Amino acid sequence: MTMTLVPVAAPYTPPAVPLVRTLGLEGWLPALSALTCLDIVLFGLSRTSPSDVNGLGLAGALSPWYFVGLGGILVTLVAMVSRPGGLPRWSMVPLLALVVALTAAPALVEPLPRFATAWTHAGFAEYIGRSGQVLAHNDARFSWPAFFAAAGMFAKAAGVAPQALLRWTPLLLDLLYLVPLAVIVRAFVSDARQRVLALALFVVGNWVGQDYFAPQGWNFLLYLTFLAVLLTALSGGVSDNRLGRVIARLLRRSPDDELLPTAATTPTARIAALLALVALYSASAVSHQLTQFFMLFAAAALVGLGRCRLRGLPILLACISAAYILWGAQDFWFGHLHDLTSGVGALGTSVHENVTSRVAATSTPTRTLVLRSRLLLTVLIWLLAIVGLVRSRRRLLVVPALLAVMPFLVLGLQSYGGEALLRVHLFAMPFVAVLASYAWRPAEDRADAAALRRVALQPLIACVVGAALLAGFLVARYGNEEFERMRPADARAVSALYEVAPRGATLFVVAESVPWRQRKLEDYNYRYATPLPLTENDLRQVIASMLAEKGPSFLLATDGQWAEMRDLAAVTPEQVRGAQQLLRTTPLLTRIYGAGDIGVYVPAVSRP
Amino acid sequence: MTAPVSLIATVALAAVVYADAPALVRLPLALLVFLAAPGWAFFGRGRADVDALVAARVVGLSVAVDLLVAEALLVAGHLTVGWFLAVDAAVIVVAGIGRRSRGSRQSRAEEVPA
C-alpha cells in the first residue's frame, strides 16, 4: 500500500474589503464627508461673534471650528479628484458645501445684511416697485433700471420688502453661477475630476464680492450663460482662420483635442440659440453699463479665432449697445460725455487708480495685509493658470487663454472709479479656472509605476495650495468687514434720522458705509460731507454746505462710517479719534439723536 | 408639457399675489416663476433631460426675460406686478407655441430620408 501525498490547497482567504465598500458607502463617502464638514463649519459660524471682527475682517473673527470644517471640505475635494477612475455618486456635494461654507458665512454671523450699496439698491428696487417709475436725476444707476425694476416686481410678487432679499443673494448667485460655468468648463476639459477642480478654483478665485444684491451680480450670470450658449450651440469647431492658426501654432502639441461640442445641429436650433444670445445680451444692455462690453469682447474674440460661426454677431451686439446708450441711457451721458470718454486709451491712469492708489491709500498694517492678500491671491491663481497652460500646451486652450485676456480691454476704456480691475478679474476668472485646472494631472486608471510616481505628491501639493487659496479668499473677500457689515446701532440711527427729518430735507454722511436710502428715496436729498470733518476748519466747511441747502439739513455719523474712514480713506486712527471728539464737543452742531460716536446732528448756527 | 407647467406656475403666482397670501407661499412660487418659468418654456425639454446646458439656458433666459419685461413695462409706464405677470404669461404662451411648431418642423425633417 502506497500513500500518495496530495498537496492541500491553502484555505481560501477572500481579499480584504474595506468596510465602506462592504456597506456600499464608497460612492457616498465624499458626499457624507462633505456634509459632516459643513456641519462643523456651521457649528463654527454659530460660535463666531460679529463683535470680534477686526482689521482682518471676518477672517479674524471666525471660530477655529470653522477652519476645521473648511479644511475637511478641502481634503474631501482633493481626495475625490485624486482617485483614479470617474467621480463618485453625488460628486457635486463637496463643491456645493464649499460654496455654502465660503459664501454664507456673513449671512449666518451678522445680524443685518452686509454692504451699504446693497441697501441702496434695495431702496431703488423699492421705489421702482412702488411707483413704477425711475428717479432719472437721482442716480446714474437709474439709467440702467431693468434690474431694479425686476427686483421690485419680484419683491412685490413674493410679498417681501426688497431689503429681505439682500442676505441670501450672494449664496443664491454663487450657486446659480455653477450651472452655466459647468457648461463652459465641459467645453474645454474632458476629465470629470478636473472639471470639478476647475469649478472649485473658480469658487475660491471669485473673491471680488460682486455677487451682492446688484445688477452686476445678475449680469455676471447672464455673461456666463451667454458664453455657455456661444461656446456650445454656436461653436465653429476647428480654428479655421489665420489668426486662430497663428495663435494655436504657438501652443500646439496635440491636434486631437477639439472638445467644443456643437449642440445646435439643425438650422432651427441655431436660430433658437442666436435668439437666446440676443435676449441675454439685450437684458444685459438694459440693466448694467459694463457687463455688455465683456460679452461683446468675448464674442469678438471667438469670431476672431474662428470659433463662432456667426461672424456678424459682434456687430449686431455693438448695435444693441449703441441703440440703448443713445436712447435709454440718455440721462446718463447727456452732460457727462467728457467723464465717459476721458478714460478711453488712458490705460496708465486706469491701472494707477485700480492698483497703485488702492494699495498706497492705507494707514494700518492689517489693512495693508488685506490689500496685499488680494493681490497675492489673484497672482497665485493666474500663476496656476500659466502653469496649466504650459503643462498642457493643448491647441484647444487658445480659446480660454484669449477669453481670459479679453476683459483687460475694459481697462483701456474706463477706470470705473478704480474698480475696473476687480471686474476684469471676475470676468476672466471662469477661463483662468479652466486653465489652472490643467496644472493638475488626473490619476489614470491603469497607470504604470512611473506615472503613479509623477502624481503621488499631487494631493499633498493640492492641499497646501488649496489651504493657501482658502486663507487668501477669506482675508481678501471679507477683509473689509469692519465697514462692510451693517451694525444694528447704525441702522437704528438711520431710522431715527428718517423719523425726525421732514420731507425735502438734505441728509449728509461722512462716509458711504451706512444702511440708508433703502426707503423714502424720493423724499430726501442725499449728500457726502466734503471735506471729511477732521479739523474744526473742515467742519465749518461742512456746516456751510449744510446751511447752503434749501431745506433743513442733517449730518449722520455712525460707527460703520468711522471704520470706513479709518480703513479706506487713508486717515490715521488718531485723526478719526480727533474727528469723533470734535463732533461730540463742537458748539457748531447739536446732537439730536445718538450716543458715543453715533449721532444725528443739526447745525447749531442759523443761516446767514 | 413644459410651457403649460410654466404657465400654470405663473397664473398660480398671480392668484396668490391677488389673494395677498403669506410670503411663505408666495416666495417659493415667485422664485420658480422668476428663475425658471420663462426659460423652461423656451428651452426645457421635459423631465429626464436636465443636463447642464438646458439648466443654464433655463436660468439665464428666465433672468433675461424678467429684465426685458420689466424694462419694457417701465418704458410703457405700466410697471405693476399684475402687468408683469400677465406679460410673463404671454411670453410663456408664445414660447410654447414656438416650441411646438419647432418640434413639428424637426419631426418632419427627421421623416425625410437622407
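**Entry 1: S606(A)**

I looked up S606(A) and found it in the segment after β5 of chain A. Helices (H or I, at least four residues) and strands (E, at least two) are DSSP runs, numbered from the N terminus. This is a predicted model, in which local features need pLDDT of at least 70, side-chain atom pairs count only at pLDDT 80 or more, and totals for chains, interfaces and linings use all residues. Residues are numbered from 1 along each chain as its sequence is written, and chains are lettered from A and ligands numbered from 1 in the order in which they are written.

Is S606(A) buried or exposed? S606(A) is exposed, because 6 other C-beta atoms lie within 10 Å. I used these cut-offs: buried means 20 or more other C-beta atoms within 10 Å of the residue's own, exposed means 12 or fewer, and partly exposed is in between, with C-beta atoms placed from the backbone. I also checked L588(A): 18 residues from S606(A) in sequence, 9.8 Å in space, C-alpha to C-alpha.

**Entry 2: the sheet**

I traced an open sheet of five strands in chain A, in the order β2-β1-β3-β5-β4, with mixed pairing. Two strands pair if DSSP finds at least two bridges between them. The edges are β2 (525-528) and β4 (589-593) of chain A, each pairing on one side only. Ignoring direction, neighbouring strands are turned by 30 degrees against each other on average. For angles, I took axes as lines fitted to C-alpha atoms, for helices over the stretch in contact; angles run from 0 to 180 degrees between N-to-C directions.

β1(A) and β3(A) run parallel, joined by four bridges. I found L555(A) in β3(A) as the bridge partner of F508(A). α24(A) packs on the sheet and touches β1, β3, β4 and β5 (599-603) of chain A. The direction of α24(A) makes about 35 degrees with that of β5(A). Contact here means C-beta atoms, placed from the backbone, within 7 Å.

**Entry 3: α26(A)**

How many residues of α26 (residues 559-568) of chain A are buried? I counted eight of ten. Among them are W562(A), M565(A) and R566(A). The cover includes α18 (365-392), α24 (488-500), β1 (506-509) and β3 (553-557) of chain A. Just after α26(A), A570(A) has a positive phi of about 55 degrees.

**Entry 4: α8(A) and α9(A)**

I compared the axes of α8 (residues 169-188) and α9 (residues 192-205) of chain A: they come within 10 Å and cross at roughly 130 degrees. That angle makes α8(A) oblique to α9(A). The classes are under 35 degrees for roughly parallel, over 145 for roughly antiparallel, 65 to 115 for roughly perpendicular, and oblique for the rest. From α8(A), the contact takes L178(A), L181(A), A182(A), V185(A) and R186(A); from α9(A), R195(A), A198(A), L199(A) and F202(A). By class I noted seven nonpolar, no polar and two charged residues. Ala, Val, Leu, Ile, Met, Phe, Trp, Tyr, Cys and Pro count as nonpolar, Asp, Glu, Lys and Arg as charged, and the others, Gly among them, as polar.

**Entry 5: chain B against chain A**

I found 35 residues of chain B and 38 residues of chain A in the contact. On the side of chain B that touches chain A, α1 (2-18), α2 (23-35), α4 (52-76) and α5 (81-111) each supply at least two residues. α4(B) gives the largest share, 17 residues. This side of chain B has 25 nonpolar, four polar and six charged residues.

**Entry 6: chain A overall**

I listed 27 helices and five strands in chain A. Of its 608 residues, 49% are buried.

Definitions and conventions: Contact = placed C-beta atoms within 7 Å.
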